Amino acid sequence: MTGGIEAVGDVVTGGLIARAVEPQAGKSETETGGNCLNCGMALIGNHCHNCGQSARVHRTLMAFWHDFTHSILHFEGKIWRTLPLLFFKPGQLTRRYVHGERARFVSPLALFLFSIFLMFGTFNWVGMPFPSGQSNHDTIAMGQTQLKGELAKAKDREAKLEKSGASKSQIEAVHKDVEGLEIGLKVANGIEANDLSLNDADFDIGIPSLNTAFKRAIKNPALLGYKMQSNAYKFSWALIPISVPFVCLLFIFRRQFRPYDHAIFVTYSLCFMSLLLVVLSLFARIGPLQGFRGLIIALGPPVHMFIQLRGAYQISIFSAAWRTVALLLMAFVVLIVFGVLLVMLGVTG
């Protein structure tokens, strides 16, 4: 079942890419003559008025790469008109696109796919936006030291309770802490997951198949993390349908705004957030700029949301302000829902 769900994720992602790229396919180097080579209609102007194909087609490798970069990034002017507005006047960009200025800007879906690919590529290249500053070995060693200290304290408390004649419930409570810390220390020391004894009752969520899946995932957290990262890339598009209903709630009494408008708003907003994470990841590798990361992540999203809300929907400062606060809370909920989706896909895969 999970394989089918992951296949759906691949198909939808591929479909979005194809839809973003395909409209410009066929743009060209060689005149086609008087009729469209795609549908045979007599040509009027540079494009067929029946099917939309360009009147010029190419058969050179350089032109092929020209189509590739143009179709994905729209470097021929569109990307440079879109990005400045996305960062500094997102409301204007959203409103202009919604109201018909489509050819002037990169479409929201094409820009979303580009920003997502760029974000994950940057993460793989330079790391996450907020690295710990320590190697994995140092982190594990620190965790082992802390666990050993906590375990020693817990055992000491257990011994003191036994000597003082404390109640059985108090001793059992401390003993459970000791057992939990011992298991954690085994994990930190690299003990095989099969050596850990896990009680069925600890993972009983009422569905036997999910119980087994969760136990397997907990025993191999590295694999779970890999699956979640892979699924985050495949299903990043799911953030759009998850988010749109929440934005609709913000304007439930404003019937002049349609779900399509909210979808464009959400998609451009997600594009900005993805590109912001790219910038933060790069800043993390540039010494003098590291100190600005906290300020950017604290102010960037709310300020951008406020400007986009006010400009896209032409609302007052007060209306944009309270909707920004609500949207930040909703974004937190959306991330939780998306995270739960990734966990479920990870443990059942």
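**Salt bridges and a helix pair in the predicted model**

The structure holds 3 salt bridges. Side chains of opposite charge can pair when their charged atoms come close.

One of these pairs joins R96 to E101, whose closest N and O atoms lie 3.0 Å apart. R96 has a relative accessible area of 22% and is therefore classed as partly exposed. E101 is likewise partly exposed, at 31% relative accessibility. E101 also takes part in a salt bridge with R104, with an N to O distance of 3.3 Å. R104 shows a relative accessibility of 40%, which places this residue in the partly exposed class. Through these pairings, R96, E101 and R104 are linked in a network of salt bridges.

K160 counts as exposed, its relative accessibility being 53%, whereas D156 is partly exposed at 38%.

Helix packing was examined for α5 and α11. Two packed helices are described by the angle between their axes and the distance between the axes. Helix α5 comprises residues 108-126 and helix α11 residues 259-283; the two pack at an angle of about 20°, and their axes are 9 Å apart. Because angles under 35 degrees count as roughly parallel, α5 is described as roughly parallel to α11. The crossing of α5 past α11 is left-handed.

On the α5 side, the contact is formed by P108, L109, L111, F112, S115, I116, L118, M119, T122, F123, W125 and V126. The α11 side contributes I264, T267, Y268, L270, C271, S274, L275, L277, V278, S281 and L282. Classified by residue type, the contact of α5 with α11 contains 18 nonpolar and 5 polar residues, and charged residues are absent from it. Among the nonpolar residues in this contact are F112, F123 and W125 of α5, together with Y268 and C271 of α11. The polar residues include S115 and T122 on α5, and T267, S274 and S281 on α11.

Terms used:
Residues numbered from 1 in each chain as written. Predicted model: local features only at pLDDT ≥ 70, side-chain atom pairs only at ≥ 80, totals over all residues. Heavy atoms only, no water. Axes fitted to C-alpha atoms, helices over the stretch in contact; angles between N-to-C directions. Helix = DSSP H or I, 4+ residues; strand = E, 2+ residues; numbered from the N terminus. Parallel < 35°, antiparallel > 145°, perpendicular 65-115°, else oblique. Left-handed = near helix turned anticlockwise from the far one by under 90°. Contact = heavy atoms within 4.5 Å. Salt bridge = Lys/Arg side-chain N within 4 Å of Asp/Glu carboxyl O. Buried < 20%, exposed > 50% of the residue type's maximum accessible area, 1.4 Å probe, protein only.
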